Amino acid sequence: KNMEIRTNLMEENCNAATVASSTPVKVSLTPIKDQLKYFYNHTGGDNWSNNSGWMNDTLHYCKWYGLACNDNRDITGINLRNNSLAGHFNFIDLDFPWLTTLDLAENKLSGIVSIGFAMFLRRLEYIDISENGLSGCADLTFSSSMLHANFSNNNFTCASFKRYNPAYKTLRVLDLSHNSIKQDASHIFRNAPLNLEELILSHNNIRGGLPEPFPILENIRRLDVSFNTVSGPLPDFTRSTPRIREIDLSHQTKTKIGGLTGTISPDFSRLQDLLVLNLAFNKLTSFPSDIGALQKLKLLDLSSNSLSQTIPSELGKLNALEILNLSNNALTQLIPESFDNFVEEDYTSIFLGGNLKLLDPAPLVLCFLSDFDFAQDNKKCPPERSALKDFYESAKGQEWTIDTLWLDSYASHCFWHGVDCSSSNETVRLNLKNNGLSGTLSTTIGDLPMLQELDLSDNDIKGFVPLEIGQLSRLVSLRLSYNELTGTMPNDFFSNLTKLKLIQLHSNRIRGTITNLEWTEEKWEEKDHLLILTSYDSSFITDCGNPSDFEKSLKCENCTMCCNAQGNCYPNKDTDIQKTRIKNYTNFSLVYFASFVGVTLIVVLVLSAFNRHKDRHLPGTSIRQLSVKDQKYALGALGADSVYQFFMGKSCCGWSIAIATVAFQLGMLLIFVNAAEFDLSSDKVDLKYTWRCPRDQIECDDKSDLDWRGWIVFAVLMGTHLLKDIINGSKMTILSSKQRHPPRDRLRFFCGGFLLSSVALFTMYVSIIYNMAIATSNTELIMNSVIILFITDTDEQVFDVLMVLNSRWVTAMSRKKNDDKRDDEMGNGGSLQELRDQNFQLLDEVRELRNENAKLKGEMSELKNVITSVRQEMTQINKRVGQEDTSKWESDENEEKIPY
């Protein structure tokens with residue numbers, strides 16, 4: 001092979017000499033401007049992208065584009081990169097002894113690099129002729145001062161190092177990448193300049209194995225032989241390249257014969273300056289755990305090999321590592337937990353894909369590495385486990401009372417405390433009530449799409465309720481009660497939670513309005529298998545009661561239970577009256593009075609028609625006696641010591657006092673009605689919140705001590721105090737239907753009776769609803785009833801006050817006093833009532849005399865008929881006896897006639 005290479009080199013040199021002999025030879029004494037013009041013409045200067053100043057005899061060449069000079073106007077640098085230079089490079093001869101930099105990269109130069117190209121460039125240190133079309137064998141040591149040579153991206157087929165050239169010892173950086181070099185790897189490295197710091201041979205066709213032992217290159221920092229067909233084992237770099245920082249021998253398997261084999265020596269751990277180790281796309285079978293000692297290592301790429309071992313946990317010690325690529329191998333067992341260390345700084349990229357024998361799952365913390373290729377793998381990194389990990393950290397899990405297995409690197413989240421899963425390992429229940437949770441709720445809770453029960457009650461969670469909870473469409477039970485949650489509930493928070501059967505949000509600091517949630521008892525009765533709640537009243541609880549911690553309490557029309565800032569609760573359901581579509585007790589009171597008036601009037605009219613027919617045959621004396629009796633009963637029913645008696649009098653002042661007293665009684669009762677209103681959103685009612693929803697149970701309990709015994713006492717108390725007024729008032733109303741009374745008296749009976757009974761009935765109604773609202777024990781029930789009953793005595797108290805102020809004036813307004821006064825005016829010591837009685841007696845006697853007279857008339861008519869018959873008989877007798885006797889009888893008859 002060496003003979004073949006030498007033959008090729010001789011042929012190329014001969015060709016170069018032939019071409020040179022046919023062109024003018026430039027000597028060192030040629031003027032600089034002429035050389036530049038020659039260079040310009042042979043590289044197509046007229047077509048350059050920028051030829052400013054060139055070929056201008058009036059302008060000094062130091063000002064021509066791309067040229068740099070020193071103070072003596074010696075050319076020190078030529079930079080014509082990417083300037084569309086074209087032509088054969090072998091025509092170029094330069095005689096610039098002070099030139100140190102030559103950059104002709106990214107142009108269209110072709111041909112070979114001639115031997116005489118840099119004959120007079122003794123000070124040239126930097127040359128870049130990359131990205132052209134140059135070919136042949138690259139002579140890399142043509143300048144005695146060469147430090148940096150970039151011949152990449154050309155068509156060179158070999159590389160030549162001349163040991164006798166001074167540049168062999170001065171060259172530091174050599175880039176021959178992206179060429180067509182087909183030499184043996186061992187030949188290149190054995191002839192490589194000794195002081196090289198960077199050697200880049202990537203993307204060529206270098207073949208064969210690396211020399212062993214590897215040549216000593218003590219100063220080399222970077223070795224890149226990637227994308228070739230090198231084969232065989234890895235040499236020991238630790239002795240020959242102790243300061244190396246980058247080793248890239250990747251991608252040697254582009255042909256079947258290429259690829260490094262065997263194992264990586266543990267001695268690699270001695271390369272303490274190593275930053276990059278890229279051995280990807282080879283045929284290596286194992287690597288040592290000692291690599292974990294390379295504390296400066298930033299890239300470790302062993303992908304696409306044949307590694308069949310467990311991943312050493314020592315790799316987790318590579319604190320400076322930025323890229324770890326072990327993908328597409330046959331690695332086994334679990335990913336080491338030590339890889340969690342890479343997450344702390346979160347600048348490491350880890351690639352482990354393609355290792356089909358790796359066990360599930362990956363370490364929990366590793367799944368949160370932003371650039372981990374298994375992060376989206378549902379088996380290696382279950383998304384629900386990651387979501388629960390975020391939830392744990394957001395809720396300060398390290399302070400929880402019980403956190404068994406939480407954040408365990410390999411344990412399934414289904415075994416974490418408080419987590420229950422379905423058969424497909426999907427989280428369906430999260431129950432962490434009374435577990436010392438604090439902090440805030442993580443939005444990742446929305447990444448549990450199959451969650452059906454969420455119970456975080458009785459903790460110390462702060463912040464807002466995540467909107468993501470509103471996306472858990474399968475949620476059946478939601479308990480966030482007894483926390484420190486704040487904020488406003490969005491209007492559409494519950495719009496997607498159509499399966500909810502239990503919501504408990506009380507004892508928080510949530511504001512706003514809860515809407516868009518259909519909540520009915522019929523829907524709730526369609527219970528889910530997870531729901532153990534038995535009471536509908538406890539199914540939807542919020543802080544919608546009063547008093548509230550805020551100016552306006554939470555509004556929730558569909559809530560079944562409202563709690564206040566004191567921790568007391570009350571069912572939010574319609575009262576019996578509201579079920580009749582009457583809005584409140586006040587409206588019902590108006591309906592009550594209207595109905596009572598209507599019913600009373602109907603009864604009075606019906607009875608009036610009946611009594612008109614019944615009383616028409618009664619004697620006047622009896623009617624009057626009954627009327628007098630009714631008057632006395634009415635006065636007794638209304639009370640001799642009550643202002644109600646003024647209704648039986650004719651005094652306008654008395655009527656005004658009586659009506660004012662009734663209005664005052666009704667007004668006071670209406671105050672109790674308003675206080676008893678069932679409005680949980682108002683702080684102006686006296687409603688007692690008697691329910692408690694304990695922290696340790698789902699069901700709420702009614703803590704009221706009121707029972708049936710209290711209501712029996714209440715009924716007795718109401719009956720003994722009000723039943724008499726109800727009966728008396730009803731009777732007086734009935735008396736107003738009697739036709740035997742004058743219209744004015746009937747009006748007095750109706751008004752007095754109606755108001756007496758209606759006030760009594762209304763008092764009983766108010767007592768019932770008020771005690772239902774505030775009474776929490778039997779004693780409170782009785783006390784409240786006594787207070788309200790005191791209102792019914794207001795009429796008597798007013799009468800007593802009036803009597804104290806002016807008893808004669810009060811007496812003058814009463815009905816009895818007015819009648820006595822009229823009796824005195826009549827004189828003869830008789831009362832008006834007695835005269836009326838005598839008058840009626842006389843009328844009765846006249847009526848009796850008329851009846852007797854009628855009877856006498858009947859008897860006289862019968863007697864006349866008898867006499868007529870006698871006369872007829874006597875006539876017949878006279879005819880027989882004689883005419884004399886007949887005349888005698890006629891005279892006697894005239895004498896005996898009875899006057900009519």
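The points below take up a helix, a loop residue and a surface patch.

1. First, the ground rules. This is a predicted model, where local features need pLDDT of at least 70, side-chain atom pairs count only at pLDDT 80 or more, and totals for chains, interfaces and linings use all residues. Residues are numbered from 1 along each chain as its sequence is written, and side-chain values use heavy atoms, leaving out hydrogens and water.

2. Have a look at helix H2, residues 32-42. Its buried residues (under 20% relative accessible area, 1.4 Å probe, protein chains only) are Gln35, Leu36, Tyr38, Phe39 and Tyr40. Strand E1 (67-69) and strand E2 (75-79) are among what covers them. Helices (H or I, at least four residues) and strands (E, at least two) are DSSP runs, numbered from the N terminus. Just after H2, Gly44 has a positive phi of about 65°.

3. Is Thr560 buried or exposed? Thr560 sits in the loop between strands E32 (555-556) and E33 (561-563), yet it is buried, at 3% relative accessible area. Its side chain reaches the backbone nitrogen of Ser539 at 3.5 Å. Leaving aside residues up to four places away in sequence, Thr560 touches (heavy atoms within 4.5 Å) several residues, including Trp519, Tyr536, Phe540 and Pro571.

4. Together with Met860, Leu863, Ile867 and Val870, Val866 forms a nonpolar surface patch of about 390 Å² accessible area. Patch members have over 30% relative accessible area and no salt bridge (a Lys or Arg side-chain nitrogen within 4 Å of an Asp or Glu carboxyl oxygen), with nonpolar side chains joined within 5 Å. Accessible areas come from the Shrake-Rupley method with a 1.4 Å probe.

Methods. Buried means under 20% relative accessible area, exposed over 50%, partly exposed in between (1.4 Å probe, protein chains only). A polar contact is a pair of N or O atoms within 3.5 Å; within protein, one must be able to donate a hydrogen and the other to accept it, and residues adjacent in sequence count only if both atoms are side-chain atoms. Patches are made of residues with over 30% relative accessible area and no salt bridge: like charges are joined within 9 Å, nonpolar side chains (Val, Leu, Ile, Met, Phe, Trp, Tyr) within 5 Å.
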